[in-house]
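Here is a short walk through one chain, from the overall picture down to one spot. Have the structure open while you read.

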Amino acid sequence: MPLSPTDLIAGPARANNTGVGAFNVVQLEHAQAIVAGAERAGHPVVLQISENTARYHGSLRPIGLASLAIARRAAVPVAVHLDHAESPELVHEAVELGFTSVMFDASRLPYEENVAATCEITDHCHRAGVWVEAELGEVGGKDGAHAPGVRTDPDEACAFVAVTGVDALAVAVGSSHAMLSRDAVLDFELIARLRAAVNVPLVLHGSSGVADTDLAKAVASGMTKVNISTHLNKIFTRTVRERLDTSPEVADPRKYLGPARAAVQAEVARLLGVLAGS
């Protein structure tokens with residue numbers, strides 16, 4: 001399979017033991033801010049659109065095509081990625097739209113069913129030249145593989161990657177989705193064991209809950225792709241709230257969405273520096 005833009009970003013990062021920032025797009029301003037931040041930092045970036053966000057917009061097409069257009073105009077490499085898709089139909093739509101990678105999440109299923117479903121998705125995507133990320137971990141709470149206390153077994157991860165042929169693996173090492181505080185406790189020894197066991201990039205989900213120092217340590221221990229969403233949403237929302245509190249008479253959305261976009265841009269640039277070790 002020819003290398004996809006996502007592989008051209010994640011592959012060298014894994015080889016150089018640096019991190020790739022993958023940030024979630026909720027609306028157009030997020031995509032603009034993330035790409036502008038990457039251009040400011042001079043680093044590649046991944047724009048992620050989740051199944052929940054596609055549902056919010058009514059379908060994947062509107063926000064997906066907008067993100068693809070922004071990515072194509074960028075001065076740095078930008079991949080457009082479908083995040084946490086549980087629907088094979090949505091994966092197929094992303095491939096048709098031109099997404100360069102997908103994350104298919106069957107981690108809630110029993111292991112053998114996860115393997116079978118992921119194999120089907122990988123075969124379909126690879127025939128289209130699209131990079132596939134999967135997830136492995138025990139089911140536990142609404143966070144699935146990223147519920148507190150859940151961990152990915154290195155031997156099982158090695159076997160899973162070998163049989164499914166996926167290009168990256170999201171693993172459970174102590175982070176959790178939608179954390180509002182940055183105090184997650186990661187298992188760095190497990191990250192190192194997983195890196196040794198698996199020959200594809202590892203992905204850290206729930207990275208909004210991880211402090212800067214631990215993000216850098218996670219990358220040094222073996223993580224490659226680092227997903228961040230809630231942390232940027234907090235900054236976006238706080239900036240909007242501050243702007244409206246200061247000028248309650250404002251009616252033009254550009255007057256408060258613009259500053260929020262600028263704040264996210266600055267934070268993306270800063271975080272990419274953290275992940276790159278600069």
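## Before we start

A residue is called buried when its relative accessible area is under 20%, exposed when that is over 50%, and partly exposed in between, using a 1.4 Å probe and protein chains only. This is a predicted model, where local features need pLDDT of at least 70 and side-chain atom pairs count only at pLDDT 80 or more, while totals for chains, interfaces and linings use all residues. Residues are numbered from 1 along each chain as its sequence is written, and side-chain values use heavy atoms, with hydrogens and water left out.

## The whole chain

The chain has 11 helices and 8 strands. These are DSSP runs numbered from the N terminus: helices are H or I with at least four residues, strands E with at least two. Of the 278 residues, 55% count as buried.

Contact here means heavy atoms within 4.5 Å. Take the contacts between residues at least 6 apart in sequence: 70% of them join residues at least 24 apart.

## The annotated pair

Which residues does the UniProt "binding site" annotation cover? The unreviewed entry lists Asp105 and Glu135; such annotations may be inferred rather than shown by experiment. They span 31 residues in sequence, yet no two of their C-alpha atoms are more than 5.6 Å apart, so they gather at one spot.

Asp105 sits in the loop between strand 4 (101–104) and helix 6 (111–127). It is buried, with a relative accessible area of 8%. Leaving aside neighbours within four places in sequence, Asp105 touches His84, Ala85, Glu86 and Glu135. Its side chain also makes a polar contact with the side chain of His84 (2.9 Å). That term means a pair of N or O atoms within 3.5 Å; within protein, one must be able to donate a hydrogen and the other to accept it, and residues adjacent in sequence count only if both atoms are side-chain atoms.

Glu135 belongs to strand 5 (residues 131–136) and is buried too, at a relative accessible area of 1%. The side chain of Glu135 has a polar contact with that of Ser107 (2.9 Å).

Two strands pair if DSSP finds at least two bridges between them. Strand 4 and strand 5 run parallel, joined by 4 bridges, and Phe104 stands opposite Ala134. Strand 5 also pairs in the parallel sense with strand 6 (residues 168–171), over 4 bridges. There, the bridge partner of Ala134 is Leu169.
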